[in-house]
Amino acid sequence: MAEIITDGSQKELKKHGSDEFPLLVSYEKLSGYKSGSFLWHWHPEIEITLVLDGQILYKVNQCTYHMKAGDILLGNANVLHAGFMEDMKDGKYVSITFLPKIIYGSYGSILRRKYVEPFLHNFSLPAVYSQPWHEVFSEYVREIITLYEEKKEFYELDITGTLQKLWRCMLQNLPENLPYTEHSKLERNRMREIMDYLEHNYMNKIQMKDIAEEIHLCESECSRLFKRYMNVSLFTFLQEYRVERSLEFLLSSDDSIMEVAQKSGFTDSNYYAKVFSRVKGCSPQKYRKQNIRKDM
């Protein structure tokens, strides 16, 4: 089973490609992760996701996308993102993850200053989702995947050229004068602090004042920030996050439902089962049986 490994700031530790050629193409499926989802994380690379089969509830910062086969999403660098099953249905996808420097080369180049940095630093643009012009965009994505798989002579050069065409296609189709605010950057950093706190403390009793003190905000502003960014209340998110984290205990141990609930931050196993059913569409017991049957 795969797992997203992060540091204290939710930054993914996995290396995407090599120092010589920082690009990675990988085939994934939600059921390949311990919890049936990849949980919140970020990385300095841009990530392009092409859904091959099934569906994915893909979240980027405060945005939610219901992705189906053929859909493409380009996630900006350094954004929080996560992917979940919908209606317990698996999602298979291919991911292209790369550092922006592949596009612009040297740090002092005009390509970086004119065509890449404005996009990377627009904190109001966390992702670009399937658009009418994505038919052309999709051709470039599939070409990069093929080049990477075949690894013929000059493939790194060919991928770089295709990636630049893909980038140009995206830029020329984005709306002009995209909004940019430094306030968005501050909010993003505070959200990372909140997510880091939740990751390390979800199994304990958490009150709003604890989080507010952690990020140096008053409780009411902390609550508003989270709701504005994630489109759900912090309490609702925490309950759903605990359910996602509980799946690891549910599927990889013989712990009772009560023990799984306690390890995940729920003091009442009945309440855990109620929240679990709302989030996953079935009871913890049924979920365990169905997934154990799949692994056999």
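**Loops and helix packing**

Author: Aspartate 87 is found in the loop between strand E6 (81-84) and strand E7 (91-98). Helices (H or I, at least four residues) and strands (E, at least two) are DSSP runs, numbered from the N terminus. Residues are numbered from 1 along each chain as its sequence is written. This is a predicted model, where local features need pLDDT of at least 70, side-chain atom pairs count only at pLDDT 80 or more, and totals for chains, interfaces and linings use all residues, while side-chain values use heavy atoms, with hydrogens and water left out.

Reader: Is aspartate 87 buried or exposed?

Author: Aspartate 87 counts as exposed, because its relative accessibility is 66%. Buried means under 20% relative accessible area, exposed over 50%, and partly exposed in between, with a 1.4 Å probe and protein chains only.

Reader: What is phi of aspartate 87?

Author: Near 55°, which is a positive value in a residue other than glycine. Most residues other than glycine have a negative phi.

Reader: Which residue follows H6, and what is its phi?

Author: Histidine 216 comes after H6, and its phi is positive, near 60°. Histidine 216 sits in the loop between H6 and helix H7 (219-230). With a relative accessible area of 69%, histidine 216 is exposed.

Reader: Which residues of H6 are buried?

Author: In helix H6 (residues 208-215), they are Ile211, Ala212 and Ile215. They cover an arc of only 100° around the axis, so they lie on the same side of H6. The arc is that of the directions from the helix axis to the C-beta atoms.

Reader: At what angle do H6 and H7 pack?

Author: At about 90°, with their axes 9 Å apart. Axes are lines fitted to C-alpha atoms, for helices over the stretch in contact, and angles run from 0 to 180 degrees between N-to-C directions. H6 and H7 are therefore roughly perpendicular to each other. Angles under 35 degrees count as roughly parallel, over 145 as roughly antiparallel, 65 to 115 as roughly perpendicular and the rest as oblique.

Reader: Which residues in H6 and H7 meet?

Author: Met208, Lys209, Ile211, Ala212 and Ile215 in H6 meet Glu219, Cys222 and Ser223 in H7. By class, the contact of H6 with H7 has five nonpolar, one polar and two charged residues. Contact means heavy atoms within 4.5 Å. Ala, Val, Leu, Ile, Met, Phe, Trp, Tyr, Cys and Pro count as nonpolar, Asp, Glu, Lys and Arg as charged, and the others, Gly among them, as polar.

Reader: New topic. Which residues are buried in H2?

Author: Arg112, Val116, Glu117, Phe119 and Leu120. They cover an arc of only 155° around the axis, which puts them on the same side of H2.

Reader: And what do the buried residues of H2 pack against?

Author: Strand E3 (46-60), strand E5 (72-75), helix H1 (101-104), strand E8 (127-129) and H4.

Reader: How far apart are the axes of H2 and H4?

Author: The axes of helix H2 (residues 110-120) and helix H4 (residues 155-173) are 12 Å apart, and the two pack at an angle of about 60°. H2 and H4 are therefore oblique to each other. On the H2 side the contact is made by Leu111, Tyr115, Val116 and Phe119, and on the H4 side by Gln164, Trp167, Met170 and Leu171. These residues divide into seven nonpolar, one polar and no charged.

Reader: At what angle do H3 and H4 cross?

Author: At roughly 165°, with axes that come within 9 Å. That makes H3 roughly antiparallel to H4. The contact of H3 with H4 has 13 nonpolar, one polar and three charged residues.

Reader: Where is leucine 174?

Author: Leucine 174 is in the loop between H4 and helix H5 (182-201). Leucine 174 counts as buried, because its relative accessibility is 15%. Not counting residues up to four places away in sequence, leucine 174 touches Phe119, Leu125 and Val128. Leucine 174 and valine 128 are 46 residues apart along the chain, and their C-alpha atoms are separated by 8.9 Å.
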